[in-house]
Amino acid sequence: MDKSWMHSDRRSKAYEFGVEAFLNFAVENLLTTTHICCPCVKCVNLKLFGVGIIRDHVYFNGIDQSYKNWTFHGEPWEATTNASRNVEEDDGHSRYSFVSEEIDMDDNNFGDFGFDPYEFANVIGDGDQPVYPGCRKYTKLSALVKLYNLKAKHGMSDVCFTELLILQGNLLTEGNTIPTSMYEAKKTLCALGLSYEKMHACPNDCILYRKEYEDSTNCPTCGISRWKEGKDSILKEGVPAKVV
């Protein structure tokens with residue numbers, strides 16, 4: 001199925017037709033119109049909604065462009081399907097030789113985290129636990145995704161993020177499931193194949209500075225500068241006014 005529309009302007013016909021094709025695909029495969037994972041950049045398949053709400057989210061928030069294999073919507077999982085063809089013998093033990101292509105998160109090196117379908121299943125099951133005993137608003141997984149979004153948005157270093165995780169764990173009640181290190185957080189997120197990409201954006205949310213606008217210094221829609229204005233009202237060239 002053509003997924004190029006996921007990278008199209010949300011105001012374009014290509015994006016409109018793509019959204020409808022995606023929703024039809026999901027309904028046909030899941031046989032429901034009310035309990036479907038929402039693939040927008042905010043929900044990242046962690047919340048279930050009806051077709052109408054998902055359509056609104058995908059237009060308003062944009063679709064998660066790292067969601068290349070629609071496994072939550074009925075598409076066979078390529079890594080799982082091909083696993084049997086990629087098993088090698090290593091010192092008498094089987095190991096998977098494939099590597100996930102979605103492990104470049106916020107330009108950080110994730111080291112040697114390979115992709116394992118069994119690990120994925122464990123992560124999903126473990127991620128359904130409440131972030132602390134009795135919590136109904138967040139699960140371990142949804143809380144971790146929220147925290148990592150803050151890391152990506154504000155450019156936190158790994159050291160800073162680790163300290164934030166430790167603080168969060170100490171602030172919450174005993175028995176909470178917050179990871180205690182960046183290593184644990186990466187391991188969980190890598191198993192899910194999540195990825196992040198920072199992009200410059202118009203402060204008025206007109207465009208993203210990518211593709212044909214990659215080298216532009218002013219928004220072609222509203223004319224505002226791409227660069228941040230300092231306290232002295234002088235533009236700081238090279239410092240984006242908004243990053244998403």
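The following questions and answers concern side-chain contacts in a predicted model.

Biologist: How many aromatic pairs does the count come to?
Modeller: A pair of aromatic rings is described by the distance of the centres and the angle of the planes. Rings pair if their centres lie within 6.5 Å. By this rule the count is 7 aromatic pairs.

Biologist: Is the aromatic pair of tyrosine 148 and phenylalanine 161 stacked or edge-to-face?
Modeller: The ring centres are 5.7 Å apart, with 80° between the planes. Planes over 60 degrees apart count as edge-to-face. The pair of tyrosine 148 and phenylalanine 161 is therefore edge-to-face.

Biologist: Is tyrosine 148 buried or exposed?
Modeller: Tyrosine 148 belongs to helix 5 (residues 140-154). Its relative accessibility is 0%, and buried means under 20%. Tyrosine 148 therefore counts as buried.

Biologist: Which ring has the charged end of lysine 3 over it?
Modeller: The charged end of lysine 3 lies 4.7 Å from the centre of that ring. The ring's residue also belongs to a cluster linked by ring pairs, with Trp5 and Tyr15 among the members. The ring is that of tryptophan 70.

Biologist: Which residue forms a salt bridge with glutamate 20?
Modeller: The closest N and O atoms are 2.8 Å apart. Glutamate 20 lies in helix 1 (residues 13-30) and its partner in helix 2 (residues 51-60), so the pair ties together parts 35 residues apart in sequence. The partner is arginine 55.

Biologist: What is the N to O distance in the salt bridge of lysine 151 and aspartate 158?
Modeller: Lysine 151 is buried, at 0% relative accessibility, whereas aspartate 158 is partly exposed, at 24%. Their side chains meet at an N to O distance of 3.3 Å.

Technical notes
Residues numbered from 1 in each chain as written. Predicted model: local features only at pLDDT ≥ 70, side-chain atom pairs only at ≥ 80, totals over all residues. Heavy atoms only, no water. Phe/Tyr/Trp six-rings, centres within 6.5 Å; stacked < 30°, edge-to-face > 60°. Helix = DSSP H or I, 4+ residues; strand = E, 2+ residues; numbered from the N terminus. Buried < 20%, exposed > 50% of the residue type's maximum accessible area, 1.4 Å probe, protein only. Lys NZ or Arg CZ within 6 Å of the ring centre and 35° of its normal. Salt bridge = Lys/Arg side-chain N within 4 Å of Asp/Glu carboxyl O.
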